[in-house]
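Okay, thanks for making the time, everyone. Let me put the structure up on the screen, and then I'll talk you through it.

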Amino acid sequence: MTALKEKVARLRQAYAPHEHRPLGGYLAAMGTYAGVTAGIAGLVRATGRPVPDRPAPADVVLLSIATHKLSRLLSKDAVTSPLRAPFTRYDKPIGSGEVMEQVRDQGSSTRHAIGELLSCPFCLAVWVATGLTGGLVLAPRLTRLVATALTAVAASDFLQMAYAVAQQAAEGGEHDED
């Protein structure tokens, strides 16, 4: 066992000699993801749900937008910060109800990896898309309903931002005429 630990330590050092990278935590996260994916596949098989040869393009678009929104809600929204708090530390607001957080470096490599996952919408999107895709097979009506609501919120966000830009442009135009 000691030889294995030494080999792992050498691998870590060779991989990132000047920076701490929680490789063990990443392995745990990948293992958990594989377990969740296998669990979804097992449920699909046990329930006998048919898996489509190709998802409908409308479902792909719906789940893409819903994945974007849910990933941002979970990873950046101020209201969901209690979910991230054990793994991250508040840094500053970044606008539109979102916050910037830093991963907590102290503690286990698993805690660090979870902090990175929960504070990164790009990283979290893989998990969210997997869950929504599994939901589309296991509970398609409910999944489409939830995805529709998330897609509506995403569209609303973009409209709110466009409105704010238009409003600023209009106010800027009023000052130019003076």
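Predicted model: local features only at pLDDT ≥ 70, side-chain atom pairs only at ≥ 80, totals over all residues.

UniProt, in an unreviewed entry, puts "transmembrane region" at residues 23-44 and at residues 117-139.

Now the core. The largest nonpolar core in the model is made of eleven residues. From the list, you can look for Leu62, Leu63 and Ala66, then Leu117 and Leu118, then Leu124, Val128, Leu132 and Leu136, and finally Ala147 and Leu150. Which elements give two or more residues to this core? Those are helix H3 (57-76), helix H5 (109-118), helix H6 (121-138) and helix H7 (140-177). H6 supplies the largest share, with four residues.

Let's zoom in on one core member, leucine 117. If you leave out neighbours within four places in sequence, leucine 117 is in contact with Cys123, Leu124 and Trp127. Leu124 is on the core list too.

Over to the surface. Leu142, Leu145 and Val146 make up a nonpolar patch there, and together they have about 290 Å² of accessible area. Valine 146 belongs to helix H7. Is valine 146 buried, exposed or partly exposed? Its relative accessibility is 39%, so valine 146 counts as partly exposed.

A quick stop at alanine 16. You'll find alanine 16 in the loop between helix H1 (2-15) and helix H2 (23-47). Even so, at 13% relative accessibility, alanine 16 counts as buried. For a sense of distance, alanine 16 and valine 79 are 63 residues apart in sequence, and their C-alpha atoms are 35 Å apart in space.

Start with arginine 21, which pairs with glutamate 116; the closest N and O atoms are 3.4 Å apart. Arginine 21 is in the loop between H1 and H2 while glutamate 116 is in helix H5, so this pair ties together parts 95 residues apart in sequence. Arginine 21 has 22% relative accessibility and counts as partly exposed.

Next up is aspartate 157 with lysine 69, where the closest N and O atoms are 2.2 Å apart. Here too distant parts of the chain are linked, with aspartate 157 in helix H7 and lysine 69 in helix H3, 88 residues apart. Aspartate 157 is partly exposed, at a relative accessible area of 23%, whereas lysine 69 is buried, at 10%.

And then there's arginine 84 with glutamate 101, a salt bridge at 2.5 Å, N to O. Arginine 84 is in helix H4 (residues 81-84) and glutamate 101 is in strand S2 (residues 98-103), so the two tie together parts that are 17 residues apart in sequence. As for burial, arginine 84 is buried and glutamate 101 is as well.

That's what I had to show.

How values were computed: Residues numbered from 1 in each chain as written. Heavy atoms only, no water. UniProt positions renumbered as here; feature names shortened; annotations may be inferred. Core = buried A, V, L, I, M, F, W, Y, C linked by side-chain atoms within 4.5 Å. Buried < 20%, exposed > 50% of the residue type's maximum accessible area, 1.4 Å probe, protein only. Contact = heavy atoms within 4.5 Å. Patch = residues over 30% accessible without salt bridge, like charges linked within 9 Å, V, L, I, M, F, W, Y side chains within 5 Å. Areas by Shrake-Rupley, 256 points an atom, 1.4 Å probe, with all protein chains shown as cover. Salt bridge = Lys/Arg side-chain N within 4 Å of Asp/Glu carboxyl O.
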